[in-house]
Structure formats: structure tokens, C-alpha cells
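These are my notebook entries on a structure that I went through entry by entry. I wrote down what I looked up and the criterion applied each time.

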2 protein chains.
Amino acid sequence: MGADDLLSLAKRRGFFWPSYEIYGGTAGFYDYGPLGSRLKSNVENIWRRYYVQEEGFFEINCPAITPEVVFEASGHLAEFSDLMVQCKKCGQFFRADHVLEEAGVEVSAATAEVVGRLLLKEAGVKCPNCSNHQFGPPQPFNLMFGTMTGPGSAGRKSYMRPETAQGMFLNFQALLRHNRERLPFGAVQLGRGYRNEISPRQALIRLREFNMAEAEVFVHPEDKSWPRFEKVKDTVLRLLAQDGVEYKLTAGEAVEKGMMANQALAYFIVRTQDMFYEFGIDPEKFKFRQHRKDEMAHYASDCWDGEALTSLGWIEIVGIADRGCFDLSAHIERSGQDLDFFEAYDKPREEQIAEVKPIHKVLGPMFREKAKAVAQALESFDATELNTEDNNEKNLTITLGNTEISVPPEAYTVVRELRKVSGRRLVPHVIEPSYGIDRIIFTILEHALETGDDGYKTLKLTAPVAPIQVAIFPLIGKNVLVSKAREVEELLRVANMAVAYDDGGSIGRRYARMDEVGTPYCVTVDFEGVEGRTEQGSKNGESSLAESVTIRDRDSKKQTRVPINELATTLKNYLKTPPDTSGWEKATAAEKE
Amino acid sequence: MGADDLLSLAKRRGFFWPSYEIYGGTAGFYDYGPLGSRLKSNVENIWRRYYVQEEGFFEINCPAITPEVVFEASGHLAEFSDLMVQCKKCGQFFRADHVLEEAGVEVSAATAEVVGRLLLKEAGVKCPNCSNHQFGPPQPFNLMFGTMTGPGSAGRKSYMRPETAQGMFLNFQALLRHNRERLPFGAVQLGRGYRNEISPRQALIRLREFNMAEAEVFVHPEDKSWPRFEKVKDTVLRLLAQDGVEYKLTAGEAVEKGMMANQALAYFIVRTQDMFYEFGIDPEKFKFRQHRKDEMAHYASDCWDGEALTSLGWIEIVGIADRGCFDLSAHIERSGQDLDFFEAYDKPREEQIAEVKPIHKVLGPMFREKAKAVAQALESFDATELNTEDNNEKNLTITLGNTEISVPPEAYTVVRELRKVSGRRLVPHVIEPSYGIDRIIFTILEHALETGDDGYKTLKLTAPVAPIQVAIFPLIGKNVLVSKAREVEELLRVANMAVAYDDGGSIGRRYARMDEVGTPYCVTVDFEGVEGRTEQGSKNGESSLAESVTIRDRDSKKQTRVPINELATTLKNYLKTPPDTSGWEKATAAEKE
């Protein structure tokens with residue numbers, strides 16, 4: 001089964017479709033329709049249950065439009081780019097690695113020069129649009145959408161955020177205060193991200209405007225244990241490790257063996273798997289893949305991608321990384337603000353303190369208009385690095401802007417003393433689970449869709465994500481059945497279930513329509529139930545709670561007759577039953593024995 | 001009480017604060033913190049209950065980045081602008097009407113020339129920044145944030161949506177199909193809108209990136225009755241009508257008198273009021289104001305703004321308008337797509353059909369390369385307009401792009417015949433309730449905040465919107481009380497309440513903290529309850545369901561002792577009790593008698 005089957009169903013039944021179709025479409029943008037929006041809400045609310053309700057993390061909401069300075073600090077302005085080539089014949093632009101991939105040439109982390117040489121050398125490389133073989137030189141193309149904030153010449157360069165994470169870093173101080181200056185804590189954001197992809201493709205997989213859910217978990221840099229790790233340590237994970245070998249290990253084993261960097265990272269990997277199983281993602285088609293050293297950012301100490309097998313191959317749907325102190329440190333450096341925390345010692349310690357004191361009367365004539373800046377730099381110089389031996393006997397090198405300045409010994413003195421110190425300031429490290437909501441939705445739908453030999457389509461969505469939980473049908477469009485069915489609909493709506501009413505076409509057709517959109521249960525109101533052949537039923541048209549309906553199960557196709565007064569409770573129990581995702585774990589357990 | 005009081009509390013306690021403060025801030029952007037985000041979720045979920053759960057409207061999610069053609073069609077590109085002036089001295093830009101307003105000069109719907117003359121003439125007019133009196137000429141400044149979609153020279157001009165409404169219009173066909181080709185139905189979208197305000201100000205009131213909730217209700221152009229209007233027609237509304245007079249009328253009376261255009265419009269005005277009362281918006285500080293003819297868009301037939309009185313004056317927090325067929329017609333014209341619906345007659349009718357047929361052999365030599373386009377234009381010419389008398393005896397004027405072309409009688413013929421017609425195609429009309437979520441949140445907080453003479457602050461949020469519904473305190477930080485309090489916390493969390501735990505500082509201080517963030521109930525675990533002075537309590541440290549806690553009511557300050565095994569049920573009942581918003585209605589009823 002290819003993705004086309006799913007895309008056609010998704011459009012026809014109101015899950016999602018390409019945006020702006022009445023104007024010919026715009027690549028990289030999709031709309032969620034009525035059913036897709038509900039599925040998306042369900043996924044997001046389950047995500048919130050895990051992170052906000054259960055972990056107690058703080059949800060925040062920050063703007064997407066971001067001033068340039070933020071991305072100067074974060075490194076996105078300099079580095080958030082893909083190599084782009086233009087076909088010399090048709091003029092179209094492509095991602096260089098895509099062009100090479102289509103010719104079967106593997107590239108990873110190559111420079112523009114290397115890619116340029118490959119494009120020239122490899123005979124099979126051709127333009128995906130016009131099949132020409134000649135390309136211009138590859139150039140980095142920054143993927144951020146730019147805009148101007150403010151009117152006229154007062155406008156400031158800004159960008160649409162390519163991820164939601166920066167909001168949590170920029171607000172670290174306020175969040176730490178909200179948590180009463182204690183670590184660890186987490187902050188989360190659900191929202192849109194924007195990347196001006198050179199060649200968007202594959203429906204929901206590479207969008208220019210997409211939905212994310214990100215958590216930034218702030219932990220002590222020297223203690224990444226996690227209190228509740230104990231609860232999850234026996235969960236079995238399928239792990240494709242850095243060494244290229246696939247393992248089946250418990251989270252506890254993975255941490256003990258040193259395969260996973262720490263408990264906090266491992267904890268969120270397990271909780272992600274729990275959540276994905278609840279979404280109905282197929283355990284047979286899901287694994288965590290560890291980043292190789294050469295693909296990991298230099299500041300990250302460990303990174304695992306959750307990958308799902310789809311008709312488009314294995315796709316990354318979540319990334320969970322230990323980012324160290326990179327992000328906070330970058331903003332500390334650029335903003336000069338204290339994005340750190342104070343760790344109080346159990347009792348005050350005596351510590352040898354060394355401070356550089358500038359000698360202003362020497363600095364003044366020596367550095368003139370720069371003297372003040374030099375003095376400030378000297379004061380914040382880390383004097384512990386100075387060996388006591390050569391104290392005051394060497395030039396100190398300080399940095400002002402982009403220039404290094406050498407300060408001779410006569411311009412400063414080093415003061416040393418024993419001081420009582422009550423604690424120290426540390427920059428927290430960050431564990432970041434980052435979810436691609438659209439890719440998760442695509443995977444959920446692909447893993448749920450079953451097509452019979454006769455072409456009959458069933459979307460086996462789990463009850464927690466199904467956009468419609470219960471459909472209500474009158475057996476035929478007769479008045480007495482219709483009004484009773486409407487009563488039942490209202491009853492279930494008030495009980496807070498996601499319901500739909502349908503009286504169009506044969507009952508078989510209606511079942512088929514509901515199977516196709518993943519509705520777990522259909523309730524049919526028929527004469528047998530309404531005319532009261534059950535015990536205390538009434539035949540005079542009065543409503544009676546002893547009247548009954550049938551519940552039809554999507555997957556077993558079994559029908560059960562239930563009195564209307566027990567319907568809501570029965571359905572609630574059905575809907576609560578967790579999906580059977582234990583198959584893989586059981587198989588694994590058996591294998592291990 | 002000014003807005004400053006609220007803004008300081010909002011920042012200190014994690015509701016909202018200006019974005020990008022570590023980099024000096026960027027005007028017009030705000031972050032929602034942990035409590036503000038919960039309040040926002042509550043508001044949005046209640047909105048969804050009204051529109052999606054109760055009305056059964058379709059929620060969709062469309063991108064914010066929008067190709068230019070959409071706003072060419074909608075008119076935003078040409079007309080979505082404010083008049084901007086630049087101070088000749090300091091160079092800053094301002095909204096011309098703001099500069100005039102501050103000098104006490106009223107302007108509404110004035111042209112650039114009129115405003116320019118006012119700026120010169122009025123002596124009191126000065127630059128809000130440097131108090132200079134000289135300005136450059138006022139110029140329209142389009143408020144849409146622009147960007148480019150796609151790489152390099154292949155980039156297409158795009159804009160961030162200034163409202164969410166276009167998504168519903170562009171998808172009308174798909175939505176109509178989803179509703180099985182029947183009217184009326186509604187589609188809604190919650191999400192962000194973007195306006196590059198010339199001078200953003202007033203915290204959440206005029207943001208450059210803001211949150212909206214919009215419904216587009218598609219109705220039959222000749223039948224705007226609303227099935228459930230009967231249910232709401234007796235609700236009393238406070239209406240400042242077009243004639244400048246304030247009325248207190250029921251919705252039924254307002255429609256009957258012709259003050260409100262139709263039932264559908266009136267229905268959503270009532271439901272909006274119901275929702276706002278549930279939010280805790282003060283009935284004494286809220287009214288609906290009808291647009292004057294000169295402020296209403298030419299295509300709108302009626303428009304009412306819901307206005308709330310705040311420390312910043314009366315502000316619009318919702319607008320409810322009958323937009324006619326303007327939006328769909330604009331996109332029909334630009335896209336050539338059929339954004340209309342088919343109304344089947346009860347039985348087929350015989351109708352006189354007139355069609356213009358082009359005579360190609362005449363058109364060819366006459367219009368050459370334009371002949372085909374002229375022929376097409378003739379075929380879609382509305383021939384019913386042609387009088388039978390002068391049939392084929394006059395020039396027809398057609399429009400190709402921007403040029404009008406006159407076609408002589410020898411180039412076409414008019415065919416008339418009687419045909420059986422089974423129905424007709426009509427463009428629906430649209431009722432649009434459009435909510436500013438940030439302004440609503442600001443109003444909720446302002447109306448809820450009470451400051452005592454001693455400076456004691458209580459945020460009297462209603463239970464449905466309160467970010468924390470129940471706080472749990474151990475009376476003192478002793479082990480037995482702490483562990484019991486944690487148990488109670490878990491109990492209520494599982495019962496799906498929004499809970500917080502606090503054991504820091506005196507109990508009075510903790511009450512004060514919770515009063516300040518609007519928590520309706522505080523539960524205290526004390527020795528009296530835990531050591532089991534109640535009937536079946538145990539003294540040996542074992543947990544017992546007969547143990548008790550106190551519930552403290554934020555507003556009455558009354559405390560009630562409740563057994564732990566009844567706590568969840570008791571609290572759920574408390575939380576469900578609707579807020580007392582009947583004061584104004586009662587007062588109104590009394591006045592009317």
C-alpha cells in the first residue's frame with residue numbers, strides 16, 4: 001500500500017488536504033479538515049496529559065515572529081540552512097542532497113565543494129524536473145522565513161521560528177522563578193514552526209508550516225538522574241545504537257551499559273514509546289535510532305530519534321536529545337543575562353577566591369576610550385585560571401567584541417582571599433524531547449489503515465485518538481427510530497463522547513463509512529429495541545430506559561445488545577480499554593527467555 | 001485601578017509578560033506563562049464546547065502563511081492598511097488617528113488628505129515621542145507581514161494571515177461536501193493572526209501576533225432563521241443601537257423590531273453573552289454596540305461588537321457580523337471555482353432559459369488572438385438581462401481582465417427555450433462571530449481582580465477558567481501531613497482537576513498566593529483530620545478514608561470540613577456550580593416590571 005491510498009482517503013473524508021487548491025495550490029502547506037483537526041486535538045491533548053498533567057511541566061505560549069538577535073545567538077542565522085542547487089536548463093531549485101539521493105548517491109554532512117564535485121562527477125545525477133545534467137554551484141539557503149516587524153524604515157528584521165524551543169530558553173529566568181528556583185523542571189510548548197523548505201514533498205512529512213510539541217527539561221548539569229525512572233526502567237525498547245546494531249533492552253539496561261547517556265533521557269524515551277503505543281503506532285514498525293557521532297550536534301552528548309516505518313520509508317517522528325548547556329549559554333553570552341540557577345551548598349564552604357582588579361590609572365592612558373571596557377573585562381576575568389606562581393607576571397588576554405587585547409601585568413593586580421561561600425551558580429543542562437505532530441498523525445493513519453482484498457478500508461484508530469468515538473444510526477429513517485437515535489446521541493454527547501449521527505443510506509454503507517474514518521463503535525437503534533421486546537419495554541411510543549440498542553465493534557464486527565440506560569457506562573468502559581500494543585513486548589520477553 | 005496593577009501581577013505570577021525581554025523587548029508581542037497558558041486553554045476549550053461540541057460546527061486548521069492571490073481576492077492587499085505619519089524631527093512612525101486622538105481630535109473613516117490637513121491645522125497635535133509639531137504626509141501602510149515562500153528567485157510573495165477566516169472560505173467546497181451538500185453549517189478555526197501594527201500598545205489589546213477564534217456560519221441567502229433561536233429568544237441583551245440609544249431588549253424583541261438583521265445573527269450574539277458570563281465577564285461592564293452605517297463594510301448588512309469596559313476604556317472583544325456573500329463571491333470571481341451550493345426545488349420547475357452563443361467565424365477575424373477569450377466571456381454572459389425586444393440588436397459589453405470589449409450583434413446569437421430545472425445554484429451568506437482571545441483574557445483578568453483597602457488582591461476567576469481549580473496544603477511541613485497532602489493531590493489529579501501543591505510559608509501566605517491567582521478552593525490537610533479525631537479515624541499512621549480535610553472557599557473565606565472519601569465529589573459539585581452572573585439580568589427584569 002502506498003501513501004496515495006491514504007492521501008486520497010484523507011482528502012475525501014476530511015482529514016487533510018493540500019492548502020490553497022482553488023488557486024492551484026502552494027507546495028508545503030496542508031489544511032486539516034474536520035476529522036483531521038479532531039485527531040490532531042486528541043494527539044495534542046494526550047501529549048499534554050503526559051507532559052503537563054502527569055509531569056507537571058509548565059506550558060507556555062510564545063510568538064512565532066522572532067527578532068533576528070535571537071537567531072544570531074542560537075546559531076540559526078548562520079547555520080540553519082540546506083545546500084541548494086539550481087538547474088541550469090529549467091531554472092528550478094532543489095535540495096542538493098535530494099538530487100544526489102535520487103541518483104543513488106549517499107551524502108551526509110558534506111561541504112558545498114564536495115557536493116558540487118559529486119553533482120558534476122556522477123553521471124546519473126539529473127534535474128528532477130527536466131532531466132538536464134547541468135547545475136549551478138550548490139549554495140547554502142537559510143530555511144527561515146524572514147519578515148519585517150514595525151513600519152517603514154523603522155522595521156526590524158525578524159524571522160518565523162523554525163522550532164518552538166527558543167521560547168523556553170528565553171524565558172528560563174521567569175520559569176525558574178515560577179518553580180521557586182528549584183531544579184529539575186520542564187517547560188513545554190505546542191505550536192507551529194516554519195521552515196522555508198527548498199523542495200517540500202511527501203504530504204505531511206516535509207511541510208513549510210508544521211505543528212510541533214516540544215519539552216525543554218532543565219536538569220542539574222552534574223545530576224541527570226530522574227526520580228521516576230524507577231517506574232519505567234523495566235520497559236523494553238527497540239534500539240538501533242550508534243554501533244549500527246539493533247538491541248532489545250530495558251531502559252534500565254540501556255542506561256547501565258552506558259548506551260544511553262542518563263536516566264532523564266531514558267525516562268522520556270520510555271514515556272514517548274508509551275504515548276506512541278497509546279496513539280496506535282505499530283510496535284513492529286517503530287524503533288529508536290541513536291545519532292552517530294558525526295551526525296550529532298557538537299554540543300549534544302546523546303540523541304535518539306524515534307523512527308516509524310511508513311510507505312515512505314523510515315521517518316523521524318520525534319527526537320530526544322541531551323543538548324547540554326548549549327542553548328542557555330548561547331543566550332547568556334549574547335544577552336548578558338543570568339540564565340543560570342543558584343545551587344545552595346548544604347552548609348557554607350570556605351573557598352579560595354581570586355579576583356583580578358584593574359589598575360585604572362595605568363589603564364586610562366594605555367587604552368584611552370577603551371579603558372572602561374578593558375577594566376570591566378578584567379573584573380570578570382576568571383582568575384582561578386591564573387597560576388599562583390606567575391601571579392601578576394604575565395600579560396592577560398581579554399576579548400572585546402571581535403578583537404583580543406593583551407593587558408600587561410602593571411595594569412592589574414590579583415587579589416586572593418578565603419571566603420565563606422553559600423553556593424554556586426550553574427547553567428542547567430537541557431533534555432529536549434521534540435515531536436513532529438504532523439508526522440505522528442501521518443504515521444498513526446498509515447499504521448491504522450487496513451485494506452481488505454475487496455478494497456474494503458478500515459482505519460483501526462485507537463479510541464483515544466479516534467475523531468469520532470461513537471456513531472449513532474437509526475436502523476431506517478423512520479420517525480420513531482430517528483427521534484430515539486437523536487435522544488441517544490444527546491445522551492452520549494452529554495456524557496462527553498465524540499459522537500456522530502448518520503441516517504443516510506443502508507446500514508451497511510453507514511458501517512463502512514464509519515470503519516473508513518476509524519470510529520470504534522457504532523450504535524444502532526432498531527425496532528426490536530425501541531418497540532420494547534425487552535423486559536419492561538413499552539409499545540405505546542413512550543420512552544423507556546429498558547429499551548435497548550446494539551453496539552457494533554469496528555474490529556471484531558461483533559454486535560452486542562445493551563439497554564439504553566447502561567449504554568453510556570458500557571461505552572465508556574469499552575473506550576477506556578487500552579489498545580493491545582503488548583504484542584511486541586510479549587514477543588520480546590519470549591525471545592529473551 | 002489601572003492596568004498597571006494587573007500587568008505587574010500577570011508578570012509576577014506567570015500569566016503573561018512582554019516577549020524577548022532579555023534582548024530589550026519587541027513591541028507588540030507577549031508570552032503567556034504557565035498560568036496564562038492554562039487560562040487560555042480553558043477559554044479556548046469552552047469556546048470549542050459552544051461551537052464544536054454543541055453546534056456541531058467543523059473545526060479546521062489552515063496555515064498562517066498565505067499566498068498573495070488570496071489577499072488580492074479578499075481585498076486585504078488593497079485595503080488592509082492604516083494611515084501612518086512620520087515625525088519630521090525624531091523620525092518615528094505613528095498611526096495618524098492615534099496622534100490626532102491624543103490631541104483630542106476625533107477622526108473616523110477620513111481620507112489621507114483630510115487627516116493630513118488636520119495634522120497641520122490642529123495646534124495641539126504633537127509627536128508622542130518628541131513633542132515636535134511637524135509631520136510628513138500621512139500614507140497608507142499595509143498591516144500584513146510579508147514574506148517569500150520558496151527558494152531564491154522562485155520565491156512567491158506571501159503574507160501572514162491577518163485573520164483566520166480565509167481558511168474557511170477557501171475550503172467552502174470541501175466543507176459543504178463534508179456536510180453532505182446541506183445548509184446551514186458552520187466552520188471554525190482557532191489560531192494566530194498577524195498584523196504589523198504601526199504603534200502596538202496596551203499589552204494584550206493591540207498585539208502584532210494574536211490569538212483568535214472565528215466561526216463562519218454559512219446560511220441560505222434568503223433564509224437566515226435559526227432552528228434553535230427559540231431557545232435563546234428570551235435572553236435579555238444590553239444593546240447600544242445604531243441610533244445611539246442604549247436598549248435592554250430580549251433577542252426576540254431585537255429581531256422583531258428589525259434592530260437585529262436576522263435570527264442567526266441574534267442567536268450567536270446571545271450565545272456569546274452566555275459564554276462571556278461563564279468566563280466571568282462582568283455583566284455591568286459589557287454591552288453589544290451596533291456598527292453605524294458609515295463604519296460598517298459596504299457588503300455587511302449588520303454588525304455588532306461586544307464591548308467590555310476596562311481600565312483602558314471600552315474595548316471590542318468580539319465582532320458578530322452578517323457579511324452577506326462578499327467573501328465567497330470575491331473568491332469565486334478570482335479563482336473561477338464554484339463556491340456555491342445547489343438548492344433543489346421541491347419539484348422541477350419549467351424556466352425560460354436564455355443563453356448567448358458566440359458565432360465563431362465572425363469572432364475569429366474580429367478579435368484574432370482574443371477571440372477564444374471573448375467567446376468564453378459571451379458564453380457565461382447573463383442573458384436573462386437581455387430584453388427580448390432588443391434581442392440580438394445591440395452591442396454586448398464584456399470584460400477581459402481590465403479592459404471592456406464591445407461585441408456587435410453579428411458576432412453572437414441569443415438562444416431561448418423552456419427547460420425543466422430541478423434547482424438553482426446560490427452563493428451562501430455568512431454570519432461571522434470573530435473573537436479576540438487575548439482581549440477576552442485581559443478582560444477576564446481585569447473584571448476578576450479585586451484589591452482590598454489593605455492592598456490584598458483576589459482574582460475572582462470563575463471555576464471554568466481558573467488555571468488552578470484546587471490547591472492542596474499540608475498545614476505545616478511535617479512528614480505525616482506532607483505525605484497525606486500528596487495523596488490528596490494525586491486523588492484530585494486522577495479525578496481530572498487542575499491542582500497545585502504548596503507547602504511553602506505560613507498557611508495565610510499560601511491562601512494569599514492562591515487568592516492572587518484565582519484558585520477557587522484550597523484544601524488543607526491538618527492534624528485534626530489526619531490523626532483521626534473524626535469517627536472512624538486511625539491514630540497509628542495508617543491511611544483512612546474517614547480522615548478529613550478542610551475546604552476553604554476563596555470568595556466567602558468560609559472553611560468546611562469534609563471526609564477525604566467525599567472530597568473529589570464535593571469539589572466537583574462546587575466547581576460545577578455556575579457563577580452568579582444573573583445580577584444584571586435580574587436587575588434588568590426588575591427594571592422592566
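**Charges over rings**

I began with the charged side chains and found that the charged end of A:Lys287 sits over the ring of A:Trp314, at 3.6 Å from its centre; the criterion asks for NZ of Lys or CZ of Arg within 6 Å of the ring centre and within 35 degrees of the ring normal. In chain B I noted B:Arg349 over the face of B:Tyr345, 3.6 Å from the ring centre.

**Conventions**

I am working with a predicted model, in which local features need pLDDT of at least 70 and side-chain atom pairs count only at pLDDT 80 or more, while totals for chains, interfaces and linings use all residues. Residues are numbered from 1 along each chain as its sequence is written, chains are lettered from A and ligands numbered from 1 in the order in which they are written, and side-chain values use heavy atoms, with hydrogens and water left out.

**Aromatic pairs**

I then turned to the rings and recorded 52 aromatic pairs over all chains, where rings of Phe, Tyr and Trp (its six-membered ring) pair if their centres lie within 6.5 Å, and planes under 30 degrees apart count as stacked, over 60 as edge-to-face and the rest as tilted. B:Trp47 and B:Tyr51 are stacked because their ring centres are 4.3 Å apart and their planes stand at 25 degrees. Both belong to helix H2 (residues 34-54) of chain B, and being 4 residues apart they are separated by about one helical turn; helices (H or I, at least four residues) and strands (E, at least two) are DSSP runs, numbered from the N terminus.

B:Phe172 is buried at 0% relative accessibility, and B:Phe185 is buried at 4%.

In the loop between H8 and S10 of chain B I found B:Pro184, which is joined to B:Leu183 by a cis peptide bond with omega of about -10 degrees. In chain A, a cis peptide bond joins A:Leu183 and A:Pro184, again with omega of about -10 degrees.

**Positive phi**

B:Ser131 is not a glycine, yet I read a positive phi of about 65 degrees for it; B:Ser131 lies in the loop between helix H6 (112-121) and strand S7 (139-142) of chain B and is partly exposed, at 39% relative accessibility. B:Lys557, also not a glycine, has a positive phi of about 60 degrees and is placed in the loop between strand S27 (548-553) and strand S28 (559-563) of chain B.

**The two copies**

Methods. Buried means under 20% relative accessible area, exposed over 50%, partly exposed in between (1.4 Å probe, protein chains only).
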